[in-house]
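Subject: Structure handover

Hello,

Here is the structure I promised to pass on. Please open it alongside this email. My notes follow below.

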Protein chains: 2
Amino acid sequence: MKRTLYAGAVRSENIGQTVTLTGWVSRRRDLGGLIFIDLRDREGIMQLVINPENVSSEVLSTAESLRSEFVIEVRGQVIARSQANDKLATGQVELEVASLVVLNTAKTTPFEIKDDLEASDDTRMRYRYLDLRRPEMLKNFKLRHNVTKSIRHYLDDLDFIDVETPILTKSTPEGARDYLVPSRLSEGHFYALPQSPQITKQLLMNAGFDRYYQIVKCFRDEDLRGDRQPEFTQVDLETSFLDEKDIQDLTEGLIAKVMKDTKNIDVTLPFPRMSYDDAMNQYGSDKPDTRFDMLLSDVSEVVKKADFKVFSEAPVVKAIVVKAAADKYSRKDIDKLTEFAKQFGAKGLAWVKFVAGEFAGPIAKFLPEISSELADYLTLSDNDLVLFVADTLDVANATLGALRSRIAREQDLIDPDKFNFLWVIDWPMFEWSDEENRYMSAHHPFTLPTAESAHELEGDLSKVRAVAYDIVLNGYELGGGSLRINHKDLQERMLKALGFTAESAQEQFGFLLEAMDYGFPPHGGLAIGLDRFIMLLAGKDNIREVIAFPKNNKASDPMTQAPSTVSSKQLAELSLKIGQ
Amino acid sequence: MKRTLYAGAVRSENIGQTVTLTGWVSRRRDLGGLIFIDLRDREGIMQLVINPENVSSEVLSTAESLRSEFVIEVRGQVIARSQANDKLATGQVELEVASLVVLNTAKTTPFEIKDDLEASDDTRMRYRYLDLRRPEMLKNFKLRHNVTKSIRHYLDDLDFIDVETPILTKSTPEGARDYLVPSRLSEGHFYALPQSPQITKQLLMNAGFDRYYQIVKCFRDEDLRGDRQPEFTQVDLETSFLDEKDIQDLTEGLIAKVMKDTKNIDVTLPFPRMSYDDAMNQYGSDKPDTRFDMLLSDVSEVVKKADFKVFSEAPVVKAIVVKAAADKYSRKDIDKLTEFAKQFGAKGLAWVKFVAGEFAGPIAKFLPEISSELADYLTLSDNDLVLFVADTLDVANATLGALRSRIAREQDLIDPDKFNFLWVIDWPMFEWSDEENRYMSAHHPFTLPTAESAHELEGDLSKVRAVAYDIVLNGYELGGGSLRINHKDLQERMLKALGFTAESAQEQFGFLLEAMDYGFPPHGGLAIGLDRFIMLLAGKDNIREVIAFPKNNKASDPMTQAPSTVSSKQLAELSLKIGQ
């Protein structure tokens, strides 16, 4: 006997056919002298009926022995159901079982295999193979495959060449922390797992590949959260002889195809472009969620006229207006927002409610002279809540940006069916790092500075702008790219600006600098975070839902117990000892 | 200006068009007052002509400055060549240059960018981006992409789901040596890079994915040779509810599609099946090259009648006949073969030449009584050379198998255009390891034993047969697969046979054994070595030719200098010290 078709794929047109199905027992009910089995496979659930009058005593006793998650093979005729079940795709039909074989048995599973799951994350990961049996999970992974298929077809049709780059690479000091792999053949030497194939793909451009792509694992040994895993997957592409607009157009076409192929959504092209400065000033984020408004306003000019030192002495005062929400936020609620605001460096949160044409709240008494000007400036309506942060521009933006997102979720202002893509462009080349006490690359040290600002590499680094572009979806950074440096002198100036000496630049990036001696073409590209993209397409808020075997927050796998101890022989072969 | 099309893609139908091309200067010649440039891009080479009378003095002086590997952009009209060059695909046309811009300059490259390369392997790898510029290399990587594209389309159409499995996994003791990755969060704990996603894909079957595939990197820390690299790529697939014949059929369909899509070759299906025992006995190899004959004959029965102790006292005497080659092998040549034979454990090599109906050579004097019987048995013709090994069956097979391959290459008996696929089936489950002094898995410990032989798990391990199948191409193991164990008791018996205690089995494979408690379906699959497959399709004899950035024989990369030393901070974070 061979399976004729998937159990979940049986339909009315199969009525009358004798078929063989295989799968898992999802449920057994004994009802009115008949035995009903819900048989589950990857395509869905199909009802089986065992009528004691029509089967052998052997089949009957096998049927009576069935428990949930037994693996079975059944053969019989597809018949119409007397009472159709419209909730199931197979609901018009059932299988009249003639023969039945148990292929494997099952103990009681630690949780029931169903979509509204009641199990801890750790239990789900410990029994991941059971968690993945749930229809919702199977759906996520089919979606994932359809997305990568769609991406590949698009890039294949545009003559991109899929090239595999090494996983055992060289550790470099810029960027996040590397995962290391000790070498057995060179004592004290290590490979690093790639954080991205950045330099490698640039070298492929130098090699004349012209258009490269890869769907590739990348690795960062950083602390984990919902949208981060130790290993993650990137849609990585690079092109030669194109400008940033070409690359953005090409990426938009790719996104549009994926959205059409997998969600049947027609996205509008081109995507909006927003400058980094506008994103920070209006949304308080370099990855703005444009599905809702509540933009940040700079009210400094208006409020400095009020007799309120907190406002008049601050470098900047910015505000967001939560429309029609004054009555929804108690003092206690606002205290919670204040605590939240402090996480972003704000010293506090000022607020007023606008009710019946008047400001109310603790600071209202400072505002009488400017109340109508402020109300006009913010176009306030009755019952609006206004939140102010008076601080440096960076702190005000970051705090109000975070509050904006939190409140939008709390107030259900977000349409989950919207997919708002946009480009954030005109990036600064460097970001100041308090931790490192120096400027660091906002993207990476190979990003091309704009022709107009490159002279600031030897001047004010905050003024250097990058030919870089991030693609943002619903408040998440979906990906980013840039044109790259292809001239040695400029690359050397860039590394110098980042604090490299000639020697350290040579030691770390000598091979790239040397490659620039031999006709390195102009080039640029982009990388898209695939896990995050799929997560958003699947409507999830954790990338673990779209990664088959993820790690937990301690970067370990509760199922296999990786990482684990290894033998002393293994350590000796690598010339390693444990301990500080 | 934007590139209109690839330089290598310009054809007669473009004559009269004004186009922009980009690429590398492959050659400049100044001839009869004109300047000729061979412009190279990934699609080929196109001739440019600069006529000083038709261009500005600026373009002319730029043209005169051009050297090999400069990157340029040119614009002009496509014209017919007065003298067509049939060796080039673009040979009917040339570009009459109107404008010319240098995008980047180049120093003299360490080797010329051309297919018949004169550079050491190390130089090629040190300047890999230049090596990859050679048309032949670009062709290999386009072939590689076309192969993976073809494979993906085939498996996508059969409803396989492409699922990514982890790279940071658990170290297991069976198999080759693992690459380890120290954990920062758990002192003294390590991940291992996967040697294959074997258990993971089995768990996906347990999860009900039914048909899985992945084109995936795998890792082995073993000594390197031409067809081995530290990281290599596998076409990995697994299915549920299918038998070995189904999986073989499906694989044959895949191979046939790849051969048609990428080489336009129609392979004959089904592939021949050969038992492991026949392969060893007739070809002296478990991966027989069937492109030529020269099969091994067991001549024990015939030669034991001769008065020659070397033959009569040996466990077995086997021979190969090198047709019409007696005059091609001097004593010195045969001495070399003898040295070669000793590498495989043979104590020596006996030989005779069959010339004018008589045996000649040092042992001919022992054979008069059996000479006509032996000549008949081996169907000898004039000028045949016969090589004998008298030893254990294993040594005789291995030695003559290796001699057979060596002589076929020496004597040019192999048609390089043949692609001989076959299945080797009926595998033993275990192989004796002298090194480990125990039986080890011939494939891996999850392979299903045949129903008829499984009872020998508690008896004679040499008699246990596996439901396993290798696919062989031209003497290379292209891939292999098997049905897998899906019942816990059988898996426990298998691990016990391999010397695991209940505790060590639990410690290493507890998660798999536990998974077998919950309705593990019958399943099986296969993996194909992609690098090796592409190597054979490209007609190369080293997988480095089809891997973009390979490692050398010391597992290091002469370009980036990986592996390299790392900072003491990195070691401290991992709680590691260097040294024994």
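Which backbone oxygen lies 2.8 Å from a polar atom of the side chain of A:Thr262? The oxygen belongs to A:Val258. One caution before going on: this is a predicted model.

A:Thr262 sits in helix α6 of chain A, which covers residues 244–263.

Chain A brings 120 residues to it, and chain B brings 120 residues. Between them the chains bury about 10,800 Å². Carbon and sulfur atoms account for 57% of that area. On the chain A side, A:Tyr129, A:Glu164 and A:Tyr518 lose the most area to chain B. Together these three make up 7% of what that side buries.

What about charges and polar pairs? The rule finds 18 salt bridges across the interface of chain A and chain B. One of the salt bridges joins the side chains of A:Glu573 and B:Arg177, at 3.0 Å from N to O. Across the interface of chain A and chain B there are also 72 residue pairs in polar contact, with both residues at pLDDT 80 or more.

Which element of chain A gives the most to the side that touches chain B? Helix α4, residues 135–157, does, with 10 residues. By class, the side of chain A that touches chain B holds 55 nonpolar, 30 polar and 35 charged residues.

Is A:Glu358 buried or exposed? Its relative accessible area is 55%, so A:Glu358 counts as exposed, the cut-off being over 50%. A:Glu358 and A:Asp159 are 199 residues apart along the chain, and their C-alpha atoms are separated by 63 Å.

Best wishes

Definitions and conventions
Residues are numbered from 1 along each chain as its sequence is written. Chains are lettered from A and ligands numbered from 1 in the order in which they are written. This is a predicted model: local features need pLDDT of at least 70, side-chain atom pairs count only at pLDDT 80 or more; totals for chains, interfaces and linings use all residues. Side-chain values use heavy atoms; hydrogens and water are left out. Buried means under 20% relative accessible area, exposed over 50%, partly exposed in between (1.4 Å probe, protein chains only). Contact means heavy atoms within 4.5 Å. Buried area is the accessible area (1.4 Å probe) that two parts lose on being put together, summed over both. A salt bridge is a side-chain nitrogen of Lys or Arg within 4 Å of a carboxyl oxygen of Asp or Glu. A polar contact is a pair of N or O atoms within 3.5 Å; within protein, one must be able to donate a hydrogen and the other to accept it, and residues adjacent in sequence count only if both atoms are side-chain atoms. Helices (H or I, at least four residues) and strands (E, at least two) are DSSP runs, numbered from the N terminus. Ala, Val, Leu, Ile, Met, Phe, Trp, Tyr, Cys and Pro count as nonpolar, Asp, Glu, Lys and Arg as charged, and the others, Gly among them, as polar.
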